[in-house]
Amino acid sequence: MDPQQLPSYADVVVVGAGPAGLTCALSLAQNGLSPVIVDARPAAQIVMRATVIHPNTLEDLDLLGCADELVAAGICTDCLTWKSQNEQAIGVIRFSALKSITKYPFSLFIPQHVVERVLTKKLAAAGIRVIRSKKVIAMREAVDNTHVVCELQMESGETLRTKYVVGADGAQSTIRTMAGIRYIDPHTGKIAASEGASRGSLFVLADLTLAEPLPPNVSRDEAVMILTRGGPLALVPLPDAETESQTGRMFRFATVVMPGDPEPPRNPDAAYFQRIIDKRGPGSHRSDGIKPPQIARVFETSRHQAFSAVAEKFFLRAHGGCIVLVGDAGHKHSPAGGQGLNLGVCDAVRAGRDIAKHFQSPLTTDVDSILETYAIRRKEIAAQVIQVAETIETMQNPATWWGIIVRNVVLRLVLLIPAMNRAVAFRMSGLGYREKQ
Ligand SMILES: Cc1cc2nc3c(=O)[nH]c(=O)nc-3n(C[C@H](O)[C@H](O)[C@H](O)COP(=O)(O)OP(=O)(O)OC[C@H]3O[C@@H](n4cnc5c(N)ncnc54)[C@H](O)[C@@H]3O)c2cc1C
């Protein structure tokens with residue numbers, strides 16, 4: 001059969017081939033099922049999104065046999081350094097402090113599209129290919145040989161019947177909407193991103209190369225957050241682009257637009273980012289002759305409005321099937337702390353395992369408790385991750401000058417105490433969300 005041809009039935013259909021959908025399909029396959037995975041796009045996206053994978057996520061990806069390939073393709077850094085405007089270290093979080101409890105005591109910097117490529121390859125090795133240009137537009141109950149099933153309607157005209165629908169279709173999830181599950185702002189209880197719902201910071205980001213030789217204060221071995229009065233500024237090393245035309249070394253640059261600052265364009269240009277680097281980047285406030293790095297080339301830029309949201313339910317029986325949400329379809333939060341992809345991948349590993357358990361269980365009355373337990377636990381973890389991301393965001397952007405002083409003093413003291421430093425690294429690593437054995 002043509003691998004791009006849609007069958008008429010599959011036990012499980014994963015809708016969306018982002019990191020969460022690909023991981024879920026792989027986890028389902030590893031647990032003995034043969035899911036169909038569809039995506040609305042004709043090809044995988046190569047756009048600027050996540051860059052960091054945390055230790056807990058690497059442990060989960062290791063269960064699927066993907067971690068080593070990802071580690072080989074990315075940059076592993078032991079530390080995240082917070083600096084003041086004049087580049088004095090305020091504190092250094094050391095992930096190596098976690099080496100007694102994880103095989104992966106580091107942050108892995110790797111572009112999201114590379115993660116998706118590795119997952120897609122692994123999935124193909126399991127005999128599963130993403131069926132593309134298949135946008136799900138409707139969902140209804142149908143009867144298949146006297147069994148009630150869920151029928152998915154594609155925009156291209158075909159239908160696909162199934163028992164389980166995994167909604168891995170991102171923050172604007174069609175599956176979540178069609179199942180009638182609301183996406184709630186955890187602060188106001190209103191529908192997220194609607195009128196009156198709360199908003200987080202406005203971020204501007206760029207994937208760019210810095211001209212060589214790099215100034216001595218710009219490192220390829222650490223992620224740096226410079227906390228300036230004009231807003232925090234992050235510079236993290238990325239693997240160099242796979243094009244021969246690349247000049248300079250690849251970095252992700254990100255900053256926050258502070259209240260009162262002019263609104264940036266939707267896709268700010270190289271001159272916009274160079275102005276910020278010159279004003280408050282590394283080398284901007286030094287008297288020893290070291291100058292700010294120069295941008296060689298900007299590959300991609302974006303502007304991103306943060307907001308927080310959690311789906312009311314992560315599991316529901318509706319339209320004749322079991323609907324399970326994973327990834328951004330279930331939760332959304334600030335990019336501060338780089339947790340979105342991580343949380344989605346960890347949801348997906350468990351969803352795959354638990355759907356397989358549910359599918360293989362005899363039809364006893366409490367079989368749904370398997371997926372209800374999944375739903376409750378993932379919703380709890382999503383709420384905790386939203387809190388961590390919002391705390392990082394608030395801490396990075398104090399509203400007053402005295403807030404900056406207090407923040408710097410507290411951070412310095414906290415990170416000087418080894419037990420506290422380790423506790424912060426543990427929190428950021430996601431290892432606290434591990435399942436109890
Ligand atoms: C600028 C930026 C920086 C970020 N940085 C980080 C970071 O450093 N670390 C981190 O962990 N996270 C980060 N994130 C968040 C991360 O990118 C997301 O959390 C992640 O992409 C979510 O994955 P997902 O698979 O749930 O959804 P998505 O990646 O959104 O994938 C959803 C897929 O579903 C498909 N789809 C949608 N609707 C349909 C439909 N009706 N039918 C069929 N297919 C459909 C789409 O085509 C898409 O391929 C960042 C995000 C942004 C925007």
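Author: A polar contact is a pair of N or O atoms within 3.5 Å; within protein, one atom must be able to donate a hydrogen and the other to accept it, and residues adjacent in sequence count only if both atoms are side-chain atoms. In this predicted model, local features need pLDDT of at least 70 and side-chain atom pairs count only at pLDDT 80 or more, whereas totals for chains, interfaces and linings use all residues. Residues are numbered from 1 along each chain as its sequence is written, and side-chain values use heavy atoms, with hydrogens and water left out.

Reader: How many residues surround the ligand?

Author: A residue is near a molecule or strand if one of its heavy atoms lies within 4 Å of it. Here 30 residues surround the ligand, and the closest are Asp-39, Gln-112, Asp-328, Leu-341 and Asn-342. Helices are DSSP runs of H or I with at least four residues, numbered from the N terminus. Helix H1 (19-30) and helix H7 (340-360) each supply at least two residues of the shell; the largest share, three residues, comes from H7.

Reader: How is a nonpolar core read, and which residues have the most contacts inside the largest one?

Author: Such a core is a set of buried Ala, Val, Leu, Ile, Met, Phe, Trp, Tyr and Cys residues joined through side-chain atoms within 4.5 Å. Buried means under 20% relative accessible area, with a 1.4 Å probe and protein chains only. The largest core has 114 residues, and those with the most contacts inside it are Ile-37, Ile-53, Leu-70, Trp-82, Leu-152 and Ile-355. Helix H8 (residues 369-396) gives the most to this core, nine residues.

Reader: Is Asp-60 buried or exposed?

Author: Asp-60, in helix H2 (residues 55-63), is buried because its relative accessible area is 5%. The side chain of Asp-60 makes a polar contact with the side chain of Arg-350 (2.7 Å).

Key
Buried means under 20% relative accessible area, exposed over 50%, partly exposed in between (1.4 Å probe, protein chains only).
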